[in-house]
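Student: I have a structure to go through. Can we take the labels one by one and test each against its cut-off?

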Amino acid sequence: SSASDENDVEAINAVCRACGAMGRSKVGSLIIFQRESLLGDLTKHAVAIDSETTFEMICSIFYPKAPLHDGAVVIKDGRVVAARCVVPMKNDRDITENVGTRHRAAIEVSLNSDAVAVVTSEETGIISLAVDGKLTRGLTDSELREKLGALLLSSKPVKNKKGKKSKTEIKTPVV
């Protein structure tokens with residue numbers, strides 16, 4: 001529906017801005033967007049939250065001294081539903097890339113569900129995206145916004161004013 005798409009657009013914009021800021025200050029984060037697959041295993045022992053997805057909310061959760069900064073945040077239908085989620089890991093899984101726990105968790109969740117996971121590295125500040133077990137590293141905020149839009153928003157093309165079809169535009173708010 002268009003209402004949930006609107007929430008998703010706001011969530012995508014907030015996450016991209018937050019990841020950009022966290023990347024620049026080398027704050028690690030793992031943000032999981034739930035799609036069709038249910039993520040009950042992840043949220044079972046997590047801290048339940050029901051909040052709009054805002055830049056401030058994401059940055060507060062992952063602030064290194066905050067009690068919720070460990071683990072993942074799950075976003076469903078554009079809302080933050082849980083924080084401090086632990087992704088069950090298979091230690092025998094052969095992940096070729098030399099990546100830390102957060103990145104392994106992102107790959108793992110994207111292998112076991114249709115969820116999409118965004119990671120910022122606290123070592124390098126690099127933003128990565130895991131989809132279907134594949135990790136794309138070194139994304140800019142705008143590349144991330146484009147990919148998340150394509151993955152999360154309904155694929156109905158939006159007609160522009162001249163009646164031509166165009167992709168859903170995600171506008172970047174001016175801060």
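Student: Why does Lys76 count as partly exposed?

Tutor: This is a predicted model, so every value here is computed from it. Lys76 has 34% relative accessibility. Buried means under 20% and exposed means over 50%, with partly exposed in between. Lys76 therefore counts as partly exposed.

Student: What makes Lys76 and Asp77 a salt bridge?

Tutor: Their side chains meet at 3.4 Å, N to O. The cut-off is 4 Å, from a side-chain nitrogen of Lys or Arg to a carboxyl oxygen of Asp or Glu. The pair therefore qualifies. Asp77 is at 45% relative accessibility, so Asp77 counts as partly exposed.

Student: How many salt bridges does the structure hold?

Tutor: It holds five. Among them is the pair of Asp41 and Lys44, at 4.0 Å, N to O.

Student: Why are Asp41 and Lys44 called exposed?

Tutor: Exposed needs over 50%. Asp41 has a relative accessible area of 58%, so it is exposed. Lys44 is at 57%, so it counts as exposed too.

Student: Which parts of the chain does the salt bridge of Arg24 and Asp141 link?

Tutor: The closest N and O atoms of Arg24 and Asp141 are 3.9 Å apart. The pair links distant parts of the chain. Arg24 is in helix α1 (residues 2-24) and Asp141 is in helix α5, 117 residues apart.

Student: Is Arg24 buried or exposed?

Tutor: Arg24 is exposed, because its relative accessible area of 64% passes the 50% cut-off. Asp141 has 23% relative accessibility, so Asp141 counts as partly exposed.

Student: How do you know that the length of α5 agrees with a helix at 1.5 Å a residue?

Tutor: Helix α5 (residues 141-152) has twelve residues. The expected span is 1.5 Å times one less than the number of residues. That gives 16 Å, and the end C-alpha atoms are 16 Å apart, so the two agree.

Student: Which residues of α5 are buried?

Tutor: Leu144, Arg145, Leu148, Gly149 and Leu152. They cover an arc of only 130 degrees around the axis, which puts them on the same side of α5. On the other side, Glu146 and Ala150 are exposed.

Student: What puts the buried residues of α3 on the same side?

Tutor: In helix α3 (residues 55-62), Ile58, Ile61 and Phe62 are buried. Their arc around the axis is only 85 degrees, which puts them on the same side of α3.

Student: Which residues have the most contacts inside the largest nonpolar core?

Tutor: They are Ile31, Phe33, Ile58, Ile75, Val118, Leu144 and Leu148, in a core of 30 residues. Helix α1 gives the most to this core, with eight residues. Elements that each supply at least two residues include β1 (29-34), α3, β3 (72-76) and α5.

Student: How much of the protein is buried?

Tutor: Buried residues make up 43% of the 175 residues. The protein has five helices and nine strands. Along the sequence the pattern reads α-β-α-β-α-β-β-α-β-β-β-α-β-β.

Student: What makes Arg17 a charge over the ring of Phe55?

Tutor: Arg17 lies over the face of Phe55, at 4.4 Å from the ring centre. The distance limit is 6 Å, and the charge must also be within 35 degrees of the ring normal. Arg17 is listed as lying over the face, so the pair counts.

Student: Where is Arg84 found?

Tutor: Arg84 is in strand β4. Arg84 also has a positive phi of about 55 degrees and is not a glycine. Its relative accessible area is 40%, so Arg84 is partly exposed.

Notes: Residues are numbered from 1 along each chain as its sequence is written. This is a predicted model: local features need pLDDT of at least 70, side-chain atom pairs count only at pLDDT 80 or more; totals for chains, interfaces and linings use all residues. Side-chain values use heavy atoms; hydrogens and water are left out. Helices (H or I, at least four residues) and strands (E, at least two) are DSSP runs, numbered from the N terminus. Buried means under 20% relative accessible area, exposed over 50%, partly exposed in between (1.4 Å probe, protein chains only). The arc is that of the directions from the helix axis to the C-beta atoms. A nonpolar core is a set of buried Ala, Val, Leu, Ile, Met, Phe, Trp, Tyr and Cys residues joined through side-chain atoms within 4.5 Å.
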